[in-house]
Amino acid sequence: MSTTSVAGPARVCDVDPLQPADYRRLFAVLDDVIEAADIHGFRKTLLISLAQHFAWTKATIRRASIDKLSLSPDSADCAAYGRDPLSLACVQARLRSHGVVAMSELKGASEPERLVIERFWRRHDIVDAIAVRIDAGVVGAEYLVVAFEENIARSLERAILGKLGRQLAPLLQQHLTRHQPVPNGQALTKRESQIADLIAEGLSNGEIAGELHITVDTVKKHLTHIFAKTGCVSRTQLALSRSNGIPVDHVAGASPHG
């Protein structure tokens, strides 16, 4: 199995805890996901396949930029506790260095950070969870989180998810590059299209405001609408989509003053 992804070469452990049966299950998940037609199918198929081949029935996948995490249809996001556990400094540091983290094994977490983590998981009757960052390069990243109800060592699960995340990265990159949706037929207004083009040219919010004779706050409001309509999660992704000619710039007959 190749372990090179858009995020760079994989880290090699001295001892591989995976057995042949584990690799067969991992390959089965990849075989399922590779057939997905689009990003929605990719996410749905991945969760179904993890449940089928690993019996991981409490899993979720979501964009790394969204400040919410939902492990069940009726679960509330962690805004009640002020922060997303995955946004905590201790979690982000571990994800950057290893690509995968078990919440129960975090080292160096502060007392407030531990409190956020414990309260959030307890709210959902979860004892532990493993998160892996699937890095798709400039087009974005997604978090795959698998939750567990038993407090046992998770070295094998962590290793499997780490390898899976690296193998999923190029597939996610392909889907995110192609997936530039305009939800519910919403189209960019002429002003929004102007701002998107200026973003692609590398202009800052202040420079765009000066170019279009509007305020920086107005630019920010338009950007919020542009990201919502196009599905882009960053200025880089938006600029890339415009440069590649991906049709996120379908212009509605709105006022040029937005």
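This is a predicted model: local features need pLDDT of at least 70, side-chain atom pairs count only at pLDDT 80 or more; totals for chains, interfaces and linings use all residues.

Biologist: Let's start with pairing: which residue in β6 is the bridge partner of Ile61?

Modeller: Two strands pair if DSSP finds at least two bridges between them. Here, Ile61 has Leu144 as its bridge partner in β6. Strand β3 (residues 59-63) and strand β6 (residues 141-148) are joined by five bridges and run antiparallel. Strands (E, at least two residues) and helices (H or I, at least four) are DSSP runs, numbered from the N terminus. Residues are numbered from 1 along each chain as its sequence is written, and side-chain values use heavy atoms, with hydrogens and water left out.

Biologist: What is the order of the strands in the open sheet?

Modeller: The order is β3-β6-β5-β4, four strands with antiparallel pairing. The edge strands, β3 and β4 (100-102), each pair on one side only. From one strand to the next, the twist averages 15 degrees. Angles like this run from 0 to 180 degrees between N-to-C directions, and axes are lines fitted to C-alpha atoms, for helices over the stretch in contact.

Biologist: And how many bridges join β4 to strand β5?

Modeller: Three bridges join β4 to β5 (residues 128-135), and these strands run antiparallel. Look for Val101, whose bridge partner in β5 is Ala131. Helix α3 (residues 89-98) packs on the sheet and touches β4, β5 and β6, its direction making about 135 degrees with that of β4. Helix α5 packs on the sheet as well, touching β3, β4, β5 and β6, and its direction makes about 35 degrees with that of β5.

Biologist: Is β3 largely enclosed or open?

Modeller: The general idea is relative accessible area: under 20% is buried, over 50% exposed, and in between partly exposed (1.4 Å probe, protein chains only). Five of the five residues of β3 are buried, so β3 is largely enclosed by the rest of the structure. Take Arg63, which lies in β3: at 9% relative accessibility, Arg63 counts as buried. Contact means heavy atoms within 4.5 Å. Leaving out residues up to four places away in sequence, Arg63 touches Arg43, Val139, Ala141, Glu142, Leu176, Gly231, Val233 and Gln237. Arg63 and Glu142 are 79 residues apart along the chain, yet their C-alpha atoms are separated by 4.4 Å.

Biologist: Which residues of α3 are buried?

Modeller: They are Cys90, Val91, Gln92 and Leu95. After α3 comes Gly99, with a positive phi near 85 degrees.

Biologist: Where is Gln173, and is that residue buried or partly exposed?

Modeller: Gln173 sits in helix α5 (residues 155-178) and, at 26% relative accessibility, counts as partly exposed.

Biologist: How do I read a helix pair, say α7 and α8: at what angle do they cross?

Modeller: Sort the angle first: under 35 degrees counts as roughly parallel, over 145 as roughly antiparallel, 65 to 115 as roughly perpendicular and the rest as oblique. The axes of α7 (residues 205-212) and α8 (residues 216-230) come within 8 Å and cross at roughly 105 degrees. That makes α7 roughly perpendicular to α8. The contact involves Asn205, Gly206, Ile208 and Ala209 of α7, together with Val216, Val219, Lys220 and Leu223 of α8.

Biologist: Which residues other than glycine have a positive phi?

Modeller: Ala55 and His213 are two to look at. Ala55 has a phi of about 60 degrees and lies in the loop between α2 (39-54) and β3. His213, with phi near 60 degrees, is found in the loop between α7 and α8. Ala55 is exposed, with a relative accessible area of 58%, and His213 is exposed too, at 72%.

Biologist: And how many helices and strands does the protein have?

Modeller: The protein has nine helices and six strands. Buried residues make up 45% of its 258 residues.
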